[in-house]
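Please read it alongside the sequence and the coordinates.

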Amino acid sequence: MGAALALAERGRGRTVPNPNVGCVIVREGRVVGRGWTQAGGRPHAEAMALSEAGTNARGATAYVTLEPCAHQSPRGPACSTLLIEAGVARVVAALEDPDARTAGQGFARLEAAGIAVTRSVRANEARRSMAGFLTRQALGRPHVTLKLATSLDGCIAMADGSSRWITGPQARAHAHLERSRHEAILVGRGTYDADAPRLDVRLPGLEARGPMRVLLSSTVQDMSGWTVIAAPHDIATLPGVDHILVEGGAAVASAFLAADLVDRLLLYRAPILIGGGKPALRDIGLTDLTKAHGRWAIVDARQLGMDRLEVYERERNEA
């Protein structure tokens, strides 16, 4: 399942409207097929892995990060049908598909065909991997990651607005990798006017994976090369977007936090002190300090050169 989860990450930010799924097929202790959802959502991970496995899939075990789909589509057959026809003996899955067209029916079809099904293997990791698809299904909007690069004293720029560079090259490279894993990236009008950002991906081999550029502005209605929205909640209307990266300044970051739209926080901290600089956040509507606790859980921490990265996730009961 770990290998299937790793394969699923290859498609992250590229598979809308489908989830980024990974699949590994194992027969007699040997991997005979690998697959992950391809760009645009087809072929599915199972179809790709079964194609590679060929006749070796008969009697094998398929490890898949999401329940195989049960519905027929004009774009391709149901993966549960393909697994049955291939003669696999067992399917090990991380999550049940929340899509009403499958939602347990894939498992039921497999079991009715005599295939053993094991559920909920490394489910938490699969939820994190497919956060965009799952958030869209549960909340009707993209999964939101807020990126902040700050000094130790919480500043994102000098008092005059200069911010190049607070973090070092390793942290900036990691931020570009994050860009490549999102369908859209958003900034506010202040960032646009001050920096004229390209918001592209500047990593060798990933240059073509630049995300849609979104501008948050209540005054601008149209801008060439940009998609403009007037309010944070308008992200729900963005076509083909299940993951959005918010990279704007304090005003934009605060607006998304105040609207409780941030699902994941990337906090890059450089070992520098600025003092009197521009703070990372403005008022986010907090009136009771007790309500600030229990909202964020750290899920990763690592050193990137001289800088420190911490990743937090919003704890929600509904997602």
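**Sheet, salt bridges and a glycine site**

An open sheet with mixed pairing is built from eight strands in the order 10-9-8-11-6-12-15-14. From one strand to the next the twist averages 25°. The model is predicted: local features need pLDDT of at least 70, side-chain atom pairs count only at pLDDT 80 or more, and totals for chains, interfaces and linings use all residues. Residues are numbered from 1 along each chain as its sequence is written, and side-chain values use heavy atoms, with hydrogens and water left out.

**Strand pairing**

Strands and helices are DSSP runs numbered from the N terminus (strands: E, at least two residues; helices: H or I, at least four). Two strands count as paired if DSSP finds at least two bridges between them.

- Strand 6 (residues 143-150) and strand 12 pair in the parallel sense through six bridges, and K147 stands opposite L266 in strand 12.
- Helix 7 (residues 169-180) packs on the sheet and touches strand 6, strand 8 (184-188), strand 11 (243-246), strand 12, strand 14 and strand 15. Contact here means heavy atoms within 4.5 Å.
- The direction of helix 7 makes about 160° with that of strand 12; axes are lines fitted to C-alpha atoms, for helices over the stretch in contact, and angles run from 0 to 180 degrees between N-to-C directions.
- Strand 12 (residues 264-269) and strand 15 run antiparallel and are joined by six bridges; L266 stands opposite V311 in strand 15.
- Strand 14 (residues 296-304) and strand 15 also run antiparallel, with eight bridges between them, and R302 stands opposite L309 in strand 15.
- A hairpin is formed by strand 14 and strand 15 with two residues between them, and G305 in the turn has a positive phi of about 65°.

**Burial of strand 15**

- Six of the eight residues of strand 15 (residues 307-314) are buried, so this strand is largely enclosed by the rest of the structure.
- Buried denotes under 20% relative accessible area, exposed over 50%, and partly exposed in between (1.4 Å probe, protein chains only).

**Salt bridges**

A salt bridge is a side-chain nitrogen of Lys or Arg within 4 Å of a carboxyl oxygen of Asp or Glu. By this rule the count comes to 19.

- E313 and R128 form a salt bridge whose closest N and O atoms are 2.6 Å apart. The pair links distant parts of the chain, with E313 in strand 15 and R128 in helix 5 (residues 123-129), 185 residues apart.
- R128 is partly exposed, at a relative accessible area of 37%.
- R119 and E111 meet in a salt bridge at 3.3 Å, N to O. R119 is partly exposed at 39%, and E111 is partly exposed at 38%.
- D200 and R198 form a salt bridge with the closest N and O atoms 3.6 Å apart. D200 is partly exposed at 22% relative accessibility, whereas R198 is exposed at 52%.
- Salt bridges that share partners join R141, D260, D263, R295, R314 and R316 into one network.

**The G33 site**

- G33 lies in strand 2 (residues 30-36) and is buried, with 0% relative accessibility.
- Leaving aside residues up to four places away in sequence, G33 touches C23, V24, I25, A49, E52 and A53.
- G33 and A301 are separated by 268 residues in sequence and by 33 Å in space, C-alpha to C-alpha.
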